[in-house]
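Subject: Structure for you to look at

Hello,

Here is the structure I promised to pass on. Please open it first, then read my notes below.

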Amino acid sequence: MSDLIYFLKQIHHYAGKVLYINLFAMMFISLLDGVGILLLIPMISMSGVVEIEANEMLSNVFSFFNNIPSNIGLPVILVIYVLIVVGQNVLQRSITIRNTKIQHGFFRHIRIETYEALLHANWNFFIKNRKSDLINFLTAEIARSSAGTHSFLQFMTSLVFTVIQIGIALWLSSSITMFVLLSGLVLILFNRKFLKKSVELGQKNYTMGREYLAGITDQINGIKDIKSNSLESSRMEWFRKITKGMQDEQIEYTKLKTISQMNYKIASAVLIALFIFIALSAFHAQASQLMLIIVIFSRLWPRVAGIQGSLEQIATILPAFKAVKNFQEECKNSREFQLGKDNKPIHINRKIELEDVFFRYESSQSTVYALNEINIVIPANKMTAFVGRSGAGKSTIIDMLMGLNQPERGRVLLDGIPLSQKNILSFRKSISYVPQEPFLFNISIKENLELVEPNASEEQMWDALEFSSAAEFVRELPNGLDTVIGDRGIRLSGGERQRIVLARAILRKPSMLVLDEATSALDTENEAKIQQALEKLKGKMTIVVIAHRLSTIRNADQVVVLDKGSVIQNGEFGRLAKDKQGMLGHLLESQMEASL
Ligand SMILES: Nc1ncnc2c1ncn2[C@@H]1O[C@H](COP(=O)(O)OP(=O)(O)OP(=O)(O)O)[C@@H](O)[C@H]1O
């Protein structure tokens, strides 16, 4: 019951009064339906098929028919009956459309709410959660929640219909109706355990759906590894096992659903037989009453069974719905800044400082600091390079500079002002970041460039492409700038993608350019060209670089050497390189040996 109220609250919150207008219209339809059934009495009586002795109450209701001449009486009743049925169906259609609007509107509403919450969650949230789980929430779980809305609206329709028809039945014969209601109540109580089981199955369905998506996402991402290491059979085994689990769960759910529906149907037949017997022998019911009760209950009973069905459906879907709601809450709790303000990019004029910065990854649950007492100054409009062994903390420090990670202790200062919730968005607007794995959308090169700078002219785009040594190969593509990436076999190499992403970063004219192994996939010739281009940018923007290939940072104004999360060397490249005992000297030596 509390689950139903929870669902009602959510839909009410979205649909507001439309929901009640619909409920009211449903009530009206049910009344029309009832009147249609009541009309069967004078109809049958006038047709003379069966001689019906109407009781006092019914004769009052239909007294006005007595004033109509008998030869036109039947056609009048028939016309009224047809009109009622037409009215009822027209209204029913409109309600169905409105309900669909509520259902799909609510579906979209949850989608937007969830995606909005997700996009504004902080970086830590994305580190903590599996990507496939996030996709699962946005696709499968939200879709299941929407199916729940459909069941909920169906449940409401059945409920209203049932209540009204029970009202009419009570009016016709309270004793027989009470008897039927008691039987129905017993059946509902008996079927309660099916609801519990439905929730359990829903939970299982949710967990398996999540595992399934996580598994296939990992496998499609790692398909190259799977093929080259002949892992196909072990992966197939996993796939067979999980799909079998999903199949079993669906069969179990159908078994559950059909058993409760079967109970209702068998009970319905038994009850109808009992009514007729008891009504005739104990209550001495009249033919008209008896007939109406049978008609009403044979129509009503499937609805009662429908209520049980909808309740079971809602119960199975509830775990998914609650999971989506919890997920939204988690995203909101991890929100990184307030929206709605006009955030103008911040230009760094003097320096960015990391002051006594300590940082630990929450997910690592360890006492080891990924950044340990970091004190560095990154001068504006100069090039600073971070080097160090794998795992030294280079990417973590860059994430901190971009405000993606927050220090556990210490602070980040932008021209002396602490980086905080208030200025983080403005600061990010002035940064262009080029990761090692360049990301391009599956749209044309031009549209990819326009994403960061919607007003850029083609000339500016070509300049940026020239800068990143990409202009030449883009010109040779079938549609030049309009070539869609990933379309009809247009597959760009890693180096080509890196160069387009670099052009995109430059096009934005950032105040700070962050290159995280951004030229690692380039050949020596193209890398040298980019080095020269970066050299020209010095003095115009702050450049922060991570590079494993040390030859690429020779021109850096400052080199920061990290090891195990601490700064162990800091200074100008030439000076640090000369210190053969220092880490940079060691790294240079081993790279030179490797290239021999
Ligand atoms: N998401 C994460 N959760 C937990 N620990 C992490 C996470 N990311 C990085 N770490 C840990 O933090 C430390 C620093 O990692 P970081 O990625 O900053 O190193 P890096 O110098 O950039 O390495 P690489 O050159 O291999 O990219 C490592 O010990 C790493 O295991």
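Lys 564 is partly exposed, with 14 other C-beta atoms within 10 Å. Bear in mind that this is a predicted model. Lys 564 is found in the loop between strand S9 (558–563) and strand S10 (566–571). Its phi is positive, at about 45 degrees, although Lys 564 is not a glycine.

Asp 356 is another non-glycine residue with a positive phi, here of about 50 degrees. Its setting is a strand: Asp 356 lies in S1, residues 351–359. Is Asp 356 buried or exposed? Asp 356 has 11 other C-beta atoms within 10 Å, so it counts as exposed.

**The chain overall**

The protein chain has 22 helices and 10 strands. Of its 596 residues, 32% are buried. Take the contacts in the chain with a separation of 6 or more: 79% of them join residues 24 or more positions apart.

One pair shows such a separation in sequence. Glu 330 and Ala 121 are 209 residues apart along the chain, yet their C-alpha atoms are 8.6 Å apart in space. Glu 330 belongs to helix H13, residues 287–333. Glu 330 has 15 C-beta neighbours inside 10 Å, so it is partly exposed.

**The open sheet around S1**

S1 is also part of a sheet. Four strands make up this open sheet, in the order S2-S1-S4-S5, and their pairing is antiparallel. Which strands are at the edges? They are S2 (371–379) and S5 (417–418), each of which pairs on one side only.

S1 and S2 are joined by six bridges and run antiparallel. Within this pairing, Ile 352 stands opposite Ile 378 in S2. A helix lies across the sheet strands too. Helix H14 (residues 394–401) lies across S1, S2 and S4 (409–414), and runs at about 120 degrees to S1.

Next, look at S8. Five of the five residues of S8 (residues 542–546) are buried, so the strand is largely enclosed by the rest of the structure. In a regular strand, side chains alternate between the two faces of the sheet. In S8, Thr 542, Val 544 and Ile 546 point one way. Ile 543 and Val 545 point the other way. All of these residues are buried.

Which strands are joined to S8? One is S3 (residues 383–388), which runs parallel to S8 and is joined to it by four bridges. Here Ala 385 stands opposite Val 545 in S8. Another is S7 (residues 512–516), also parallel to S8, with five bridges between them. In that pairing, Val 514 of S7 has Val 544 of S8 as its bridge partner. Val 544 and Val 545 point opposite ways from S8.

Two packed helices are described by the angle between their axes and the distance between the axes. I have two pairs for you.

The crossing of H8 past H10 is right-handed. On H8, the contact is made by Lys 131, Ser 132, Asp 133, Ile 135, Asn 136 and Ala 140. On H10, Gly 209, Arg 210, Leu 213, Ala 214 and Thr 217 take part. By class, this contact has four nonpolar, four polar and three charged residues.

The other pair is H16 (residues 445–452) with H19 (residues 494–507). Their axes come within 8 Å and cross at roughly 35 degrees. H16 also passes H19 in a right-handed crossing. H16 contributes Ile 445, Asn 448, Leu 449 and Val 452 to the contact. H19 contributes Ile 500, Ala 503, Arg 504 and Leu 507. What classes of residue make up the contact of H16 with H19? Six are nonpolar, one is polar and one is charged.

Best wishes

Notes. Residues are numbered from 1 along each chain as its sequence is written. This is a predicted model: local features need pLDDT of at least 70, side-chain atom pairs count only at pLDDT 80 or more; totals for chains, interfaces and linings use all residues. A crossing is left-handed if the near helix is turned anticlockwise from the far one by less than a right angle, and right-handed if clockwise. Helices (H or I, at least four residues) and strands (E, at least two) are DSSP runs, numbered from the N terminus. Two residues are in contact if their C-beta atoms, placed from the backbone, lie within 7 Å. Ala, Val, Leu, Ile, Met, Phe, Trp, Tyr, Cys and Pro count as nonpolar, Asp, Glu, Lys and Arg as charged, and the others, Gly among them, as polar. A residue is buried if 20 or more other C-beta atoms lie within 10 Å of its own, exposed if 12 or fewer, and partly exposed in between; C-beta atoms are placed from the backbone. Two strands pair if DSSP finds at least two bridges between them. Axes are lines fitted to C-alpha atoms, for helices over the stretch in contact, and angles run from 0 to 180 degrees between N-to-C directions.
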